[in-house]
Amino acid sequence: NIFEAMRDHGNVMAPAIASLLSDLKANGMLSKTLVVVLSEFGRTPRINDGGGRDHWARCFSAMMAGGGIKGGTIVGASDEDGMEPAERPVQVPDLHASLCHALGISLSKELYTPQGRPMRLVRKEASPIRELFV
């Protein structure tokens, strides 16, 4: 039932996200609230033997709105089959840098693990996705 399930997910998620964004905007909160819809992996464009789709780290989508994000902006595209990035690939560290930038968090910020080891929030070589910001 993968195709029906995906339609059902879209029928639930699209109006829910639209309502959230509309409500935030109507209440003057959208400019200071970052909304992110993202998962840890994309899904393979192929259906497996069990009728599902496996994790696919090579190509996935994310949606960001509010919090200084320029509305209506699309960055990148996959190939026809959703197998690989075809236009303007974005690396995960650059997505992390974009989230921190939108939230006003320094890209060089370090946190400490429970063991006391420093951990950077964003890799040194990462930079925010410039097309996303006004």
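This briefing covers the fold, the core, the surface and the salt bridges of one protein.

The model is predicted, so local features need pLDDT of at least 70, side-chain atom pairs count only at pLDDT 80 or more, and totals for chains, interfaces and linings use all residues. Residues are numbered from 1 along each chain as its sequence is written, and side-chain values use heavy atoms, with hydrogens and water left out. The protein has two helices and eight strands. Its largest nonpolar core has nine residues. Two salt bridges are present.

**Overall layout**

- Helices (H or I, at least four residues) and strands (E, at least two) are DSSP runs, numbered from the N terminus.
- From the N terminus on, the order of elements is α-β-β-β-β-β-β-α-β-β.
- Along the principal axes, the C-alpha atoms fill a box of roughly 45 × 40 × 35 Å.
- Buried residues make up 21% of the 134 residues. Buried means under 20% relative accessible area, exposed means over 50%, and partly exposed is in between (1.4 Å probe, protein chains only).
- Among contacts with a separation of 6 or more, 56% are between residues 24 or more positions apart. Contact means heavy atoms within 4.5 Å.
- The accessible surface comes to about 9,600 Å², and 54% of it belongs to carbon and sulfur atoms. Accessible areas come from the Shrake-Rupley method with a 1.4 Å probe; for residues, only the protein chains shown count as cover.

**The nonpolar core**

- The nine residues of the largest core are Leu34, Met64, Ile69, Leu95, Leu99, Ala102, Ile129, Leu132 and Phe133.
- Helix 2 (residues 92–103) gives the largest share of this core, three residues.
- A nonpolar core is a set of buried Ala, Val, Leu, Ile, Met, Phe, Trp, Tyr and Cys residues joined through side-chain atoms within 4.5 Å.
- Leucine 132 is in contact with Met64, Gly68, Ile69, Lys70, Thr73, Val75 and Ser98, leaving aside neighbours within four places in sequence.

**Serine 98**

- Serine 98 sits in helix 2. It counts as buried because its relative accessibility is 0%.
- Beyond four places in sequence, serine 98 is in contact with Met64, Pro128, Ile129, Leu132 and Phe133.
- A polar atom of the serine 98 side chain lies 2.8 Å from the backbone nitrogen of isoleucine 129.

**Leucine 24**

- Leucine 24 is placed in helix 1 (residues 2–26). With 10% relative accessibility, leucine 24 counts as buried.
- Not counting residues up to four places away in sequence, leucine 24 touches Met29, Leu30, Thr33 and Val35.
- Leucine 24 and serine 61 are 37 residues apart in sequence. Their C-alpha atoms are 23 Å apart in space.

**A nonpolar surface patch**

- Val36, Leu38, Phe60 and Val92 form a nonpolar patch on the surface. Together they have about 270 Å² of accessible area.
- Patches are made of residues with over 30% relative accessible area and no salt bridge; like charges are joined within 9 Å, and nonpolar side chains (Val, Leu, Ile, Met, Phe, Trp, Tyr) within 5 Å.
- Phenylalanine 60 lies in the loop between strand 3 (55–56) and strand 4 (63–66). At 32% relative accessibility, phenylalanine 60 counts as partly exposed.

**Salt bridges**

- A salt bridge is a side-chain nitrogen of Lys or Arg within 4 Å of a carboxyl oxygen of Asp or Glu.
- Glutamate 84 is partly exposed, at 29% relative accessible area. Arginine 58 is also partly exposed, at 48%.
- Glutamate 131 forms a salt bridge with arginine 88, with the closest N and O atoms 2.8 Å apart. Glutamate 131 lies in the segment after strand 8 (118–120) and arginine 88 in the loop between strand 6 and helix 2, so the pair ties together parts 43 residues apart in sequence.
- Glutamate 131 counts as partly exposed, at 23% relative accessibility.

**Arginine 88**

- Arginine 88 has a positive phi of about 45°, although it is not a glycine. Most residues other than glycine have a negative phi.
- Arginine 88 is partly exposed, with a relative accessible area of 30%.

Methods. A polar contact is a pair of N or O atoms within 3.5 Å; within protein, one must be able to donate a hydrogen and the other to accept it, and residues adjacent in sequence count only if both atoms are side-chain atoms.
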